[in-house]
Amino acid sequence: MKICRLSVKRMANYAGLSAQYENPQPHPCDLALGQVFYTRGRQPAGLCDSAWATLSPFVMALGNGAAGLYDGWMKDPASAMVSCNDGFRPVSFLVEALEEPLIRPLEPEDAGQMEDLPFAAWQSPGMAFVAALGGRIVGFCGYGPSRDEDKKGFGEIDSIYILKGAQGLGIGKRLLDAAFRELLPGLGVTVWAPKENRSAIEFFENYGFQADGAEKSNHSGKDAAIRMVWNSREDLPWPI
Ligand SMILES: CC(C)(COP(=O)(O)OP(=O)(O)OC[C@H]1O[C@@H](n2cnc3c(N)ncnc32)[C@H](O)[C@@H]1OP(=O)(O)O)[C@@H](O)C(=O)NCCC(=O)NCCS
């Protein structure tokens with residue numbers, strides 16, 4: 001199924017109706033104008049049940065290739081403008097079915113699009129791939145030769161980050177695939193994963209990395225990281 005982008009385009013608030021009919025609400029709505037979610041059919045984290053109840057049939061239809069809903073309602077046939085079912089403060093979402101993410105090398109002109117991605121400023125063209133989804137950069141992966149003395153001949157993933165709303169869609173794996181194509185043949189690939197970041201460690205384990213026991217932290221003992229290694233196997237079809 002295609003990835004759909006859900007963008008918050010308008011947030012109304014009928015204060016008069018609320019004053020007359022509604023009990024006080026501690027968290028009436030946690031959405032923000034401009035907020036964006038991506039989904040392959042599952043309710044995205046942070047999107048409330050009320051919004052998902054009305055959006056999900058459109059996501060299912062558009063994500064599975066339907067187009068031109070309601071006889072040409074939308075200018076872009078693979079989209080729909082749908083609001084959540086909160087009658088006091090309806091939120092309008094643009095739902096768009098997108099082409100698969102494009103994984104390509106980082107270009108100097110991408111810099112302006114990467115402000116939301118931590119560590120992106122450190123990435124150099126020629127040493128990083130980006131993932132473009134629906135015309136936006138939603139992730140990157142920086143790579144190069146291993147910086148560890150005892151890992152000469154290995155490549156290294158020095159950072160990988162996917163925007164929160166676009167995680168879990170297979171983009172991180174495709175970025176690793178692209179970096180691996182550059183780093184191998186070679187003795188293998190290393191990555192330093194934050195020790196407390198269970199989710200990243202499991203992601204790398206899922207890809208075939210294993211912790212090799214090496215650990216490091218900065219001068220104050222913070223930012224502890226463990227080294228994970230993907231070793232080239234003997235049965236790979238290139239000489240080591
Ligand atoms: C960690 C991160 C890069 C993963 O990227 P992602 O796009 O969310 O992951 P994907 O959707 O590509 O997942 C690929 C595979 O890993 C698995 N996976 C991902 N996260 C997982 C987790 N926490 N536990 C187990 N498996 C996991 C997926 O199930 C999927 O498996 P499959 O190929 O068998 O279906 C991303 O979540 C991220 O940017 N996190 C914040 C930054 C970060 O922690 N960076 C790493 C610091 S070194």
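Which helix gives the most to the shell around the ligand? Helix 5 does, with five residues. This is a predicted model, where local features need pLDDT of at least 70, side-chain atom pairs count only at pLDDT 80 or more, and totals for chains, interfaces and linings use all residues. Residues are numbered from 1 along each chain as its sequence is written.

**View 1. Who sits around the ligand.** Look for 18 residues surrounding the ligand, each with its C-beta atom, placed from the backbone, within 6 Å of it. Q167, G172, K173, A200 and E202 are the closest. Helices (H or I, at least four residues) and strands (E, at least two) are DSSP runs, numbered from the N terminus.

**View 2. What the shell is made of.** The shell splits into nine nonpolar, seven polar and two charged residues. Here Ala, Val, Leu, Ile, Met, Phe, Trp, Tyr, Cys and Pro count as nonpolar, Asp, Glu, Lys and Arg as charged, and the others, Gly among them, as polar.

**View 3. Y70 in helix 3.** Y70 is part of helix 3 (residues 69-72). Its phi is positive, near 50°, and Y70 isn't a glycine. Most residues other than glycine have a negative phi. Y70 counts as exposed because it has 7 C-beta neighbours inside 10 Å (the cut-offs are 12 or fewer for exposed and 20 or more for buried, with partly exposed in between).

**View 4. D71 in helix 3.** D71 also belongs to helix 3. Another non-glycine, D71 has a positive phi of about 55°. With 5 other C-beta atoms within 10 Å, D71 is exposed.
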